[in-house]
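Reader: Could you take me through the pockets and the exposure of a few residues, setting each value against its definition?

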Amino acid sequence: KEGTRGAKYAKLDYKVIEESKTRTKVSINLHTGRAHQIRVQFASRGHALIGDVKYGKIKADRVFLWAYEIEFKHPVKDEIVKFTLLPDEKYYKI
């Protein structure tokens, strides 16, 4: 929260893709890249990620968080590189 000692500005947008009674699949666009940003922001609103034992309580064999696309400026070639990989649906099915 603003005014909290040590807090830093963090912004993301999200869109609901699919939902059930107990789970919601979302697409997230990060505007800032703070450590644990997605996990903290969702958990603080009562929507912790499945498998996130640090900020949530629903145990699983993995944290249900997937970065399907990443884009950045290559440090040597000075060009934008982009990688995309969708998760295996058997792990992320609602």
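Reader: Which element supplies the largest share of the lining of the largest pocket?

Author: This is a predicted model, in which local features need pLDDT of at least 70 and side-chain atom pairs count only at pLDDT 80 or more, whereas totals for chains, interfaces and linings use all residues. Residues are numbered from 1 along each chain, and side-chain values use heavy atoms, without hydrogens and water. The largest share, 7 residues, comes from S2, a strand covering 24-30 (strands are DSSP runs of E, at least two residues, and helices runs of H or I, at least four, numbered from the N terminus).

Reader: What makes a residue part of that lining?

Author: A lining residue has an atom within 4 Å of a point of the pocket, which is an open set on a 1 Å grid where a 1.4 Å probe fits, with protein on both sides within 12 Å along at least five of seven lines. For the largest pocket 37 residues line the space, and Val26, Ser27, Ile28, Phe64 and Leu65 lie nearest its centre.

Reader: Why is tryptophan 66 called partly exposed?

Author: Buried means under 20% relative accessible area and exposed over 50%, with partly exposed in between (1.4 Å probe, protein chains only). Tryptophan 66 has 36%, and is therefore partly exposed; the residue lies in the loop between helix H1 (37-43) and strand S3 (69-73).

Reader: Why is glycine 46 called exposed?

Author: Its relative accessible area is 62%, so glycine 46 is exposed. Glycine 46 also has its place in the loop between H1 and S3.
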